[in-house]
Amino acid sequence: MAKEPVRVLVTGAAGQIGYALVPMIARGIMLGPDQPVILHMLDIPPAAEALNGVKMELVDAAFPLLKGVVATTDAVEACTGVSVAVMVGGFPRKEGMERKDVMSKNVSIYKAQASALEKYAAPNCKVLVVANPANTNALILKEFAPSIPEKNITCLTRLDHNRALGQISERLNVQVSDVKNVIIWGNHSSTQYPDVTHATIKTPEGEKPVPALVNDDAWLKGEFITTVQQRGAAIIKARKLSSALSAASSACDHIRDWVLGTPEGTWVSMGVYSDGSYNVPAGLIYSFPVTCSGGEWKIVQGLSIDEFSRGKLDATAAELAEEKALAYSCLS
Ligand SMILES: NC(=O)c1ccc[n+]([C@@H]2O[C@H](COP(=O)([O-])OP(=O)(O)OC[C@H]3O[C@@H](n4cnc5c(N)ncnc54)[C@H](O)[C@@H]3O)[C@@H](O)[C@H]2O)c1
Ligand SMILES: O=C(O)C[C@H](O)C(=O)O
C-alpha cells in the first residue's frame, strides 16, 4: 500500500540552499524513494516572487513523489501539520565574518518561528536548524518552544562530518564511502573539533584505524583540523556565496539517518541537546557522535577522550556558552 505523504517544511526556501534542497526532498533523497512528500516552503515577503518561481519549477519537474507544494510567507500556514522542519531561513555570513556575526538578525527569527512550530507542527515533528549560528539558533528555538521535546530539536553539523570524511578520503586516496566514524564535537564554527581518533577505513583485510593509516600526527592535529574548521570560509572565498549543494545534501543525510536509522557499526555527527555526556555542560546544543534507530538518536557512549581532545571539547563548549549569553543579550 502506498505510504501517506509526509509534510516537510523548508524555511528560507527561496535562498540558495533552499533551491538545492527542495528538489532533493522531492526526489526522495531525504525520506526514501518510496515516501511521498508535500513540501511547505516559507520565505519573507521580499522573496515571495522568487519563492513562487521555485514552486513553478517544482511543478515543471513533475517529481512522482511530490504530492503538493505550499509556498507562503505566512509562518502559521508553513508550519501547519509538518512532520519534518528544515530551518534554513536567515542571513548567511559574508567573507571575513564569523558565523556568530549574524547572531542578532538570526536568533530573533528563531525565537519568532519557535512558537509557530510549537503550535502548528505535527506532534513529534523533527526539527533541523541549518541557519547560522546553527547551534545557538537551535537552542533559542528549543527554549522558546518548551512543549517541543528537546530530543526533536537538532542542528546541522553533518556537513562538517562529511567534510572530514572527504579530507581523509583524499589524503589516503580511498573511497569516501570506505571512511567512517569521524566525529565533529561542539559548535558549527571555527572552534569545532573534527576528531578521527576512532575513525576507520574499510580495506580488503578488514577495518583499519585512520590514525595508523595516516601515520602523521602533526597533520591530523594541525592542518586536517583547521581545513575542516575553515572549509565554510574557503567556500565563501571561492564562490562569494556560502556552501549550498553540500549543505543541502548533508541536511538530507541528517534527516534520512535520523528517520531511517544509521547503518550497524556506524555513527554520524548531529548537534543535539547536551545531557552532560563526555562532561559537556548540559543545556547547550552541541555536536556529538550519535547512532539512530526507530526515529531516535542516541549519543555514542564510552569513547576514550585523550588530553588533546579534552581541551578541544572544552574550548568549543566554552564558545557555545558565550554564544548563548550573546543570543540572550540580542533578544533582550
Ligand atoms: N549549518 C550548516 O552547515 C550551514 C551550511 C551552509 C549555510 N548555512 C547557513 O544557512 C543559512 C542560509 O544560507 P543560504 O546560503 O541559503 O542563504 P540565502 O540568503 O541564499 O537564503 C536565505 C533565505 O532565507 C530567507 N529568510 C530570511 N529571513 C527569513 C525568515 N524570517 N523566514 C523565512 N525565510 C527567511 C531569505 O529571504 C532567503 O531567501 C545561512 O544562515 C547560512 O549561513 C549553514
Ligand atoms: O561557513 C558558513 O558561513 C556557511 C556554512 O556554515 C558552512 O559551513 O559552509
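## An arginine side chain to start with

In this predicted model, the side chain of Arg93 gets to the backbone oxygen of Met97 at 2.8 Å. That is a polar contact: N or O atoms paired within 3.5 Å, where within protein one must be able to donate a hydrogen and the other to accept it, and residues adjacent in sequence count only if both atoms are side-chain atoms.

Arg93 sits in the loop between strand E4 (84–87) and helix H4 (103–120). Helices (H or I, at least four residues) and strands (E, at least two) are DSSP runs, numbered from the N terminus. Arg93 counts as buried because its relative accessible area is 12%, the classes being buried under 20%, exposed over 50% and partly exposed in between (1.4 Å probe, protein chains only). Not counting residues up to four places away in sequence, Arg93 touches Glu98, Arg99, Val102, Gly232, Ala233 and Ile236; contact means heavy atoms within 4.5 Å.

## Arg99 and its annotated set

An unreviewed UniProt entry puts a "binding site" at Arg93, Arg99, Asn132 and Arg163. From this set, Arg99 is in the lining of the second largest cavity. UniProt positions follow the numbering used here, feature names are shortened, and annotations may be inferred rather than shown by experiment.

Arg99 is also in the loop between E4 and H4, and is buried with a relative accessible area of 6%. Beyond four places in sequence, the contacts of Arg99 include Arg93, Asn132 and Arg163, as well as His188 and Gly232.

## The pocket set

UniProt (unreviewed entry) has another "binding site" list, including Gly12, Gln16, Asp43, Ala131 and Asn132. From that list, the largest pocket has Gln16, Asp43, Ala131 and Asn132 among its lining residues. On a 1 Å grid over the protein atoms alone, a cavity is a set of points where a 1.4 Å probe fits but cannot get out, while a pocket is an open set with protein on both sides within 12 Å along at least five of seven lines; lining residues have an atom within 4 Å of a point.

Gln16 belongs to helix H1 (residues 16–26) and is partly exposed at 28% relative accessible area. Further along the sequence, Gln16 is in contact with Arg239, Leu241, Ser242, Ser243 and Ala244. Ala131, in the loop between strand E5 (126–129) and helix H5 (134–143), is buried at 7%.

## Ground rules

Residues are numbered from 1 along each chain as its sequence is written, with chains lettered from A and ligands numbered from 1 in the order written. Local features need pLDDT of at least 70 and side-chain atom pairs pLDDT 80 or more, while totals for chains, interfaces and linings use all residues; side-chain values use heavy atoms, leaving out hydrogens and water.
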